[in-house]
Amino acid sequence: MIDELYSARILKLAANLPHSGRLAAPRSGERWGTGERVAKLCGSKAIVDVTLDDAGRVLDFAQDVKACALGQAAAGVLGEAVVGASLEELVAARDAMSAMLKAGGEGPTGRFEGLRALKQVADYPARHASTMVAIEATLDAVRQALARKSPDTRTSLAGAA
């Protein structure tokens, strides 16, 4: 059963973490934010930096993820699809992911459909939080960026966390 959870597909996604690291200091006029989430049960952690375009969509993205293979796999899918996403798309993906894990839902559609590869995690409630840390941190970062009126370019994103 555990072999199904850590399938070759999951391990391949976990090994590919697009946009790994942290963003540099924002340029003048950029809206930026940082989000951090930790899964208390296992200690999986994600720190995400974003900048948004004028329409409030993710323009630039970086993630520093220290998680199990499932958390890394979810972060890998997220990193492949997040640039260009709106807050609404991220909320819908998070909600669909949560429903997939907890209530038998089908999972995200559209740009985040790749998260459906983690459907078998539903059978392992202790792994749900680690699977969600990257998307939750991304939502926090986007919300912070949307709330920010003018960035302080003297502070790097890496130092702002």
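Student: Which residues in helix 3 are buried?

Tutor: A residue counts as buried when its relative accessible area is under 20%. In this predicted model, the buried residues of helix 3 are A69, L70, G71, Q72, A73, A74, A75, G76, V77, L78, G79 and A81. Helix 3 is thus mostly covered, with twelve of its 13 residues buried.

Student: What span does helix 3 reach from its first C-alpha to its last?

Tutor: One compares the span with the value expected at 1.5 Å a residue. Helix 3, residues 69–81, reaches 19 Å, close to the expected 18 Å.

Student: How many helices and strands does the chain have, and what pattern do they follow along the sequence?

Tutor: The chain has six helices and three strands. Read along the sequence, they follow the pattern α-α-β-β-β-α-α-α-α.

Student: How many bridges join strand 2 to strand 3?

Tutor: In general, the side chains of a regular strand alternate between the two faces of the sheet. Here, strand 2 (residues 45–52) and strand 3 (residues 58–66) run antiparallel and are joined by eight bridges. L52 has V58 in strand 3 as its bridge partner. The two strands form a hairpin with five residues between them, and G56 in the turn has a positive phi of about 85°.

Student: What percentage of the chain's residues count as buried, and what is its accessible surface?

Tutor: Of its 161 residues, 47% count as buried. The accessible surface of the chain comes to about 7,700 Å², and carbon and sulfur atoms account for 50% of that area. As for contacts between residues at least 6 apart in sequence, 66% join residues at least 24 apart.

Conventions: Residues numbered from 1 in each chain as written. Predicted model: local features only at pLDDT ≥ 70, side-chain atom pairs only at ≥ 80, totals over all residues. Heavy atoms only, no water. Helix = DSSP H or I, 4+ residues; strand = E, 2+ residues; numbered from the N terminus. Buried < 20%, exposed > 50% of the residue type's maximum accessible area, 1.4 Å probe, protein only. Contact = heavy atoms within 4.5 Å. Areas by Shrake-Rupley, 256 points an atom, 1.4 Å probe, with all protein chains shown as cover. Pairing = 2+ DSSP bridges. Expected span 1.5 Å × (residues − 1).
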